[in-house]
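Hello,

Here is the structure I promised to pass on to you.

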Amino acid sequence: MNEPYAPGPSAGATPPPPPAPSAQSVRPAPPAPTTGASAAAGPAPEAPAASSSASKKSEAPTEAELRRASAVLKTVSDAYSAKMVGQERLRMSLLISLIAGGHILLESVPGLAKTTAASTLADTVKAQFKRIQCTPDLLPSDITGNQIYDAATGSFRTVLGPVHANFVLLDEINRSSAKTQSAMLEAMQEHQTTIGGEVHHLPKPFLVIATQNPIEQEGTYELPEAQMDRFLLKEIVEYPSPAEEFEILGRIDSGVLDPDRHVSSAISLDDVHMLQDVASRIYVDPAIRNYIVSIAYVTRNPAPYIGEDRARFIKYGASPRASIAFLQASRALALLNGRAHVLPEDIRSLRHLVLRHRVLLTFEADAEGIRSEEIIDQIFASVPTP
């Protein structure tokens, strides 16, 4: 089906619009960049005095900050492109996750450079990178760490696991048992682990890049919905084009892809913290926030908007984490595009990344070959763009 399905209202009834936040619930936001019509409106009223940290949080990024952020992002992109061939969507998704401070789930068949992309990003940032190969016999303590008895001192000492790194690649996460998968929930959500009753905080930034293989499902454990929801984005990595695959062969011969060969330019962890700080101050208009909330509402109440025959394919709608993910990821995408404000197009371009693992479909949809991306497109077609 090429055209989005958007049924008209039934006779004598009009589908109710998604509920908008009340005026009291909309917090004042910093003014948008002063251009065009907004310049004629005059300066925004002066905000009341606040603490220095709160006022800095409310300040829109300056032109100097945007230029510095663009320079840092160009360094990362150039280093990525020097080693990776194509996979521009994957590059954007990884950078959005890094800037937004979220985690990302990558799905593809084997051999599409998911591990190379993750290690290249970590090498570019000069951060700690750990790879965990998930297997059915992997234990939770193999990830988080354990207490070991030291006979010399007669006491236990804590040995931290590989999750205590800036970049953690969980390769084929769906091959680990549910108990082991659950060991990552605290780390991903709280950015800490608990070993022997003692809390150990994870380094900042902390980014989990998990991969799963959609084929060879024998001996795998499907990710529970609670864990899927904790991934900011889910990216589907596709095959390279013939031209890109030809270039890959050339880079193999030139030694660019040798494991011992590192990128020539890199950024510091302070640069990453700067990117995250600037992104957190990107302006999001109340109309865009209402757009996000409306989309989430329609995923949970789809029948009046996309029709009963399509709504029956949706088992569960998106949780509030989807709205939060749209807010954070759209700010990161705006920064990647050199803007100090979010556009509705940013929300639309993120729709599959944010919702494909949160809008859960029924077995009937799977039997009929209905993909979540089709349903997501129809939901977006039913919500007016601000």
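First, a word on strands: two of them count as paired if DSSP finds at least two bridges between them. Helices (H or I, at least four residues) and strands (E, at least two) are DSSP runs, numbered from the N terminus. This is a predicted model, in which local features need pLDDT of at least 70 and side-chain atom pairs count only at pLDDT 80 or more, while totals for chains, interfaces and linings use all residues. Residues are numbered from 1 along each chain as its sequence is written, and side-chain values use heavy atoms, with hydrogens and water left out.

Let me start with the sheet. Five strands form an open sheet with parallel pairing, in the order β2-β5-β8-β1-β9. The edges are taken by β2 (129-133) and β9 (233-236); each has a single partner strand, so one side of each is left without a neighbour in the sheet. From one strand to the next, the twist averages 20°. The parallel strands β2 and β5 are joined by five bridges, and Q133 has D171 in β5 as its bridge partner.

Helix α4 (residues 88-100) touches β1 (104-107), β5, β8 and β9, and its direction makes about 170° with that of β9. Helix α5 (residues 114-125) touches β1, β2, β5 and β8, at about 170° to the direction of β5. For these angles, axes are lines fitted to C-alpha atoms, for helices over the stretch in contact, and the angles run from 0 to 180 degrees between N-to-C directions.

Next, helix α7. Its buried residues (under 20% relative accessible area, 1.4 Å probe, protein chains only) are T180, Q181, A183, M184, A187 and M188. They pack against α6 (140-144), β5 (167-171), β6 (192-195), β8 (207-212) and α8 (225-228). After α7 comes H191, with a positive phi near 55°.

Finally, the nonpolar cores, which are sets of buried Ala, Val, Leu, Ile, Met, Phe, Trp, Tyr and Cys residues joined through side-chain atoms within 4.5 Å. The largest has 75 residues, of which I295, F326, L335, I347 and L355 touch the most other members. Helix α14 (residues 320-336) gives the most to this core, with ten residues. A second, separate core of 20 residues includes L138, V163, M184 and A187.

Happy browsing, and best wishes

Methods
Buried < 20%, exposed > 50% of the residue type's maximum accessible area, 1.4 Å probe, protein only. Contact = heavy atoms within 4.5 Å.
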